[in-house]
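Here is a short tour of a few strands and helices, written to be read with the structure open beside you.

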Amino acid sequence: MEDPRHSHVNPFKITGAQLIPLVLILLVGFAFFPSLTLLYGRWTQWDEGMSHGLMIVGFFIFSLIKSSPWPIHPQSGLITFLSWILLALTSLLWFLADVANIHLLGQLALIPAFILVITIRYGWRTAYAHKWLLLLPIFAIPVWDLLNNSLVNLSSLVVGKWVQLINMPAVIDGNSIFIPFGHILIADGCSGIRYFVISLALGYIVSYLNHYSWRNLLITLVIAAFLGLLANWLRIFILVVVGYETQMQSALMSDHEYFGWALFALIGFPAIYFAPVVKKQTTHEYLPPSTTPRPILMLSIIAGLAIGPLLNAILNEPPVYAPLKDLLSSKANPIPVSHMPLLLTLPTPAHSEHVRIDETYLQIDQYQRAAKQDKLVPYIARLYNNQEWTLEERQTISLGAIQAQLQQYRHKSSGRYVLQLQWFALAGTTTDSLVVAKLLQIPAQLRQQNQFQIFSLQTRCVTSNCETERTSLLSVANSLQDLLIR
């Protein structure tokens, strides 16, 4: 007879109880399948910010199974009901995001949905015990892209200071570094977003595996964020030095992808190796897993998740497409777009109008959806070419019912100045914020309103303070309010 002391459990055997959390997660993915499809597209593009997405998902699924089976903690019916209400609201939020094609909001809805289905099925104590694991997918969702412009500005500031410290003959203008042999631009791809997010994800995984406390997790994430940014700053700084020393002839100036990753590995791997290890403390309060059938709870989870997809199938109608017309054809002189003082970097509009009123130039770009999957407010990374122009000053002003942003730009090479007044119109409302405009898509599309407009008034400045031009620009805008508020 075999000695039971020598028997062992097969580590590769997976029981049905271990698969239940995974099934619940897959159920959320199935309910919000359009968002998951878009995420998969980002993960397989190997782009700047999401090239690590599939690895995060793989680790998430592996950890989900490895940490199972999970115990079922009894909880009051009120907590379960409130959790179901929150799940239903999350599903409704996903529907609204999908209607407006605000993909990021729909993708973010996956995480609270994950947590809530676990809470309903296993109890809030189990969900809380696995909070670090359930929050891990945030590193596979492109919410971090929102930091890209800020990280470009931060990289420009830090690297510019370093260049000044070594007394290199260079002119630093925003995100541009002019050296005697050429122009080095710290563009959007130099933001370091990929190093930043991957470093954060690695720090988070190290914290999860080592069972860090809240405090130690925050410390680890701060250190990880700094190391990720430091790797990018060093990469750019070394490229500037190499460009100067080789008179911009080094092959590294045009192909530095692998160089960046090698530098990131040299900084990141030692930090992971020396991260403190904390042994997991066992607790006697942990309940044994339960295999009791819970059909009512499963049906309630399915019902809560189904609200958004069902509303999407019923209410998300195709857009009403109508020809767009000029708004100022009888009030001003049409001009070619190339005559605008500052050329905007916009996706191709459905209809565009360029006119001149005295010394004021007006550009009206109109967008509308042709199909359900189209965005009414298109993705716009930046409204101007930051390689040629520097935004020196901006402020929000009110012109009657119009909320607009007054911006002063300077051309990096010529030093000329342009003053611009710009706002967005959607759903009968004007705003100076592109983020607010994206949120206004929801009521606009539910009411079958299918027009988004960008108004840009520009004038050239004689002096750097643009005071005279400011008065003239605002006067023209006021005179056109009745026509421009649609």
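## Strands and a helix pair

In strand S8, His-411 is the residue that stands opposite Trp-389. Before going further, please keep in mind that this is a predicted model.

The pairing around Trp-389 belongs to strand S7 (residues 389-399), which runs antiparallel to S8 and is joined to S8 by 10 bridges. Between S7 and S8 lie two residues, making a hairpin, and Gly-400 in that turn has a positive phi of about 65°.

The hairpin of S8 and S9 has five residues between the strands, and Gly-415 takes a positive phi near 80°.

| Strand pair | Bridges |
|---|---|
| S1 and S2 | three bridges |
| S7 and S8 | 10 bridges |

Now to the open sheet, where three strands follow the order S1-S2-S3 with antiparallel pairing. Strand S1 (171-173) and strand S3 (182-185) each have a single partner strand and stand at the edges, so one side of each has no neighbour in the sheet. On average, neighbouring strands of this sheet are turned by 20° against each other, direction ignored. Strand S2 covers residues 176-179, and its Ser-176 stands opposite Asp-173. As a reminder, strands of a sheet pair through backbone hydrogen bonds, either parallel or antiparallel.

How do the axes of helix H6 and helix H13 cross, and at roughly what angle? The axes of H6 (residues 110-122) and H13 (residues 295-315) come within 9 Å and cross at roughly 155°. Angles over 145 degrees count as roughly antiparallel, and H6 and H13 are therefore roughly antiparallel to each other. Their crossing is right-handed.

Which residues make the contact? From H6 come Ala-113, Val-117, Ile-120 and Arg-121, while H13 brings Leu-297, Met-298, Ser-300, Ile-301 and Leu-305. Sorted by class, the contact of H6 with H13 has seven nonpolar residues, one polar and one charged.

Technical notes. Residues are numbered from 1 along each chain as its sequence is written. This is a predicted model: local features need pLDDT of at least 70, side-chain atom pairs count only at pLDDT 80 or more; totals for chains, interfaces and linings use all residues. Side-chain values use heavy atoms; hydrogens and water are left out. Two strands pair if DSSP finds at least two bridges between them. Helices (H or I, at least four residues) and strands (E, at least two) are DSSP runs, numbered from the N terminus. Axes are lines fitted to C-alpha atoms, for helices over the stretch in contact, and angles run from 0 to 180 degrees between N-to-C directions. Angles under 35 degrees count as roughly parallel, over 145 as roughly antiparallel, 65 to 115 as roughly perpendicular and the rest as oblique. A crossing is left-handed if the near helix is turned anticlockwise from the far one by less than a right angle, and right-handed if clockwise. Contact means heavy atoms within 4.5 Å. Ala, Val, Leu, Ile, Met, Phe, Trp, Tyr, Cys and Pro count as nonpolar, Asp, Glu, Lys and Arg as charged, and the others, Gly among them, as polar.
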